[in-house]
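Subject: Structure handover

Hi,

Here is the structure for you to look through. Please open it first, then read my notes below.

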Amino acid sequence: MASVEEQVVETNGSAPEGSQIPVENPATGQVIAHVPDMGADEVKEMARKARAVQPAWEALGFEGRGRILKRMQKWVLDNRDEIIAVIRSETGKTYEDAQLAEISYGAAAFGFWADNAPVYLADEKVKSANVLVKGKKLITRYKPLGLVGVIGPWNYPLTNSFGDCIPALAAGNAVILKPSEVTPLTSLKLLEGLRECGVPEHVFQVATGRGGTGAALTDEVDMIMFTGSTATGKKVMQRAAETLTPVSLELGGKDPLIVLADADLERAANSAIYWGMFNGGQTCISVERVYVEEPVYDAFVAKVTEKARALRQGSGEMGTADVGSMTFPPQVDIVERHVEDAKAKGAKVLVGGKRGSGAGYWFEPTVLVDVDHTMECMTEETFGPTLPIMKVSDAEEAIRLANDSPYGLGASVYGKDVHRAEAVGRRLESGAVCINDSLVNYTALELPMGGAKASGLGTRHGAGGIRKYCQQQAIVVTRFAMKKELYMYPYNSRVTRLLGKTFNLLYGRGKRD
Ligand code: NDP
C-alpha cells in the first residue's frame, strides 16, 4: 500500500496519472487533492497484510492497546487545528461544528474505549442451573473477530467513519476503513496520527475509493460496520450475506421533535433551530421535522423564525459563521426538491428556501410551515438545513405522525411536565429519545446508539458497540471429573429411568393452565 503522503496528492486542480478521485472543497467548489480509486486486488492485498499483523496487535492486550489509544486521545487535541482544517476543507462545515462534533467526539472516544474495552470485554463467569454442567467453570469470552471493515459516509468523516474504528481496534482487531469518496482526507490524517502514536503498520489501513471499493471490502473482512443511506445499507447486507459476514448498519433517519403545550418554548425553539441546522442539517439524527401542539404553535413559529433569520452562513474563521456549506453536491438537489415539492403542495417558506449564490454548494437555512405528510420534506430524509413545522391538535396526533415513517433513529419531546413528556417519548418508535434535549444521547458513549425500523441494525457505543466486533466464545472447564458421566454409553433402563425422575424433579413443578 502507498504511504499516507503518497495516497494524498495535493493538487491545483489537475489530476495525476492513474485511477484517481478528485476531492473538492464544497465551500468553494475547488479541487484540493486526489486520492487513489482502489480496486478489488488492492483491497485483497490490504486484507492479507492486516491479517498478518493482527495477532501481534491482539497479543498486546488491553493495556498495551489502551496506552496507544490514550496517546491518540492527546494527539487529537494537540493537532486540533490541523485536523479541523482538513475536515473543513472537504466538508465545508464551520470551525465550531467540527470542534463540537468531531474533535470532542474523537478525543472522548479514544479515552472511553481505552478505559472500557477491558470492562466490556472481560471474561464473564456464568452460573448455569443445568445439572449436566454442575461444578464446571463456565465463561463467556469476547474474542476479536480478526479483520473489521468500516464503510463511512461524508457528513462526519472523523466521528462517523473513523469513530467506529476505535472500538474495533480497542478490541484487538485490525481495521480497514473505506471513507466516503467525498471526504477521504480526514481518515488519512488520522492514519498519520495512529502511526505516530504507535499503532503498527497495517493494523489500521485506509482504502480510498468509490462504492466498488466498499463492495470489495465487504468480501474480505470478518465484519462490516456501515454508516450511510438505507438503500446502500441494504446492498451491503446483501453482499455480506454471500459470505455470511455479520453487519452492523447505521442508516438514514427522519427524526421528529415534538413540542407539547407546556414546553419551555425558548428552549424548544433554540433546540429545534440548533439541532435542525447543526452541520448544515447533514446529521443522521438531525431534527428533520417538528410537531407543535396547537395552543403554542404560533408563539413557537415566531421564535424559530426570528432565530433562523439571525443565522450567519459562511466558511470564514472561527466565530464568524453559524451554518456551513453542504458537503455532497447531489444533496443540494435533494434539499431543493423537497422544498419545491412542499411549496407546490401548499407549504409556506418563512425563511430561506433556496440555494446560495456563488461558488460552492450552499442552501439557505430554511423554515417551512403549513406542511403535511403528503410532502417529501415530512416523509423522506432531507439531510439539509431545513426545518418543516406542523401544527397538531394534541400529543396523540403528534405521536401518530412521528411514528408515520419508515425510519426510527432518534426523536425528542419538549414539555415541562417531564413525566408526561417521557411517557410521550416512550411511545415513539426510535432508537433514542431525548426529553427537553435533542441528539445529546450520541455524546453518552455508555448508551447504545442505533436505529429502529429502516434506520439500522445493531448499535454503536455501550457494551454492544464493542462486543459486535468480537466472537462470543463459550468456554467450559471441567476440572474434577469422573472417568465416565452417568448418562454415557452403554444406555441401560435403570439409569434412563433415574434421569427421567431427576428431570421431573427439576422441571416438573410448573402447572398446566
Ligand atoms: P451512501 O450510503 O451511498 O454511501 C455511504 C458509504 O458507502 C460511502 O463510503 C460510499 O462510497 C459507500 N458505498 C456506496 N455504494 C456501496 C456499495 N455498493 N457497497 C459498499 N459501500 C458502498 O451515501 P451517499 O453518500 O450516497 O448519501 C446518500 C444519502 O444517504 C444522503 O442523501 C443521506 O440521506 C444519507 N446519508 C446518511 C448518513 C448517516 O449518517 N446515516 C450519512 C450520509 C448520507 P462513496 O461515497 O465512495 O460512494
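In which strand is the place of Val247? Val247 sits in strand 10, residues 247-250. Helices (H or I, at least four residues) and strands (E, at least two) are DSSP runs, numbered from the N terminus.

Some ground rules. This is a predicted model, in which local features need pLDDT of at least 70 and side-chain atom pairs count only at pLDDT 80 or more, while totals for chains, interfaces and linings use all residues. Residues are numbered from 1 along each chain as its sequence is written, and side-chain values use heavy atoms, with hydrogens and water left out.

Back to Val247. It counts as buried because its relative accessibility is 19%. Buried means under 20% relative accessible area, exposed over 50%, and partly exposed in between (1.4 Å probe, protein chains only). Val247 and Tyr469 are 222 residues apart along the chain, yet their C-alpha atoms are separated by 9.8 Å.

Now the ligand. There are 29 residues around it, and Gly152, Trp154, Ser229, Gln331 and Glu381 come nearest. Here, a residue is near if one of its heavy atoms lies within 4 Å. By class, this shell has twelve nonpolar, twelve polar and five charged residues. Ala, Val, Leu, Ile, Met, Phe, Trp, Tyr, Cys and Pro count as nonpolar, Asp, Glu, Lys and Arg as charged, and the others, Gly among them, as polar.

Which element gives the largest share of the shell? Helix 9 does, with three residues.

A polar side-chain atom of Gln331 is 2.6 Å from a ligand oxygen. An N or O atom in the Ser180 side chain is 3.1 Å from a ligand oxygen. A polar backbone atom of Gly228 lies 3.4 Å from a ligand nitrogen. The protein covers 86% of the 870 Å² of accessible area that the ligand has on its own. Those areas come from the Shrake-Rupley method with a 1.4 Å probe.

Last, some backbone points. Most residues other than glycine have a negative phi, and most peptide bonds are trans. Asn436 is not a glycine, but has a positive phi of about 55°. Asn436 is in the loop between strand 18 (434-435) and strand 19 (452-453). Lys453, in strand 19, also has a positive phi, about 50°. Lys453 has a relative accessible area of 37%, so it is partly exposed. The peptide bond from Tyr489 to Pro490 is cis, with omega near -5°.

Best wishes

Technical notes: A polar contact is a pair of N or O atoms within 3.5 Å; within protein, one must be able to donate a hydrogen and the other to accept it, and residues adjacent in sequence count only if both atoms are side-chain atoms.
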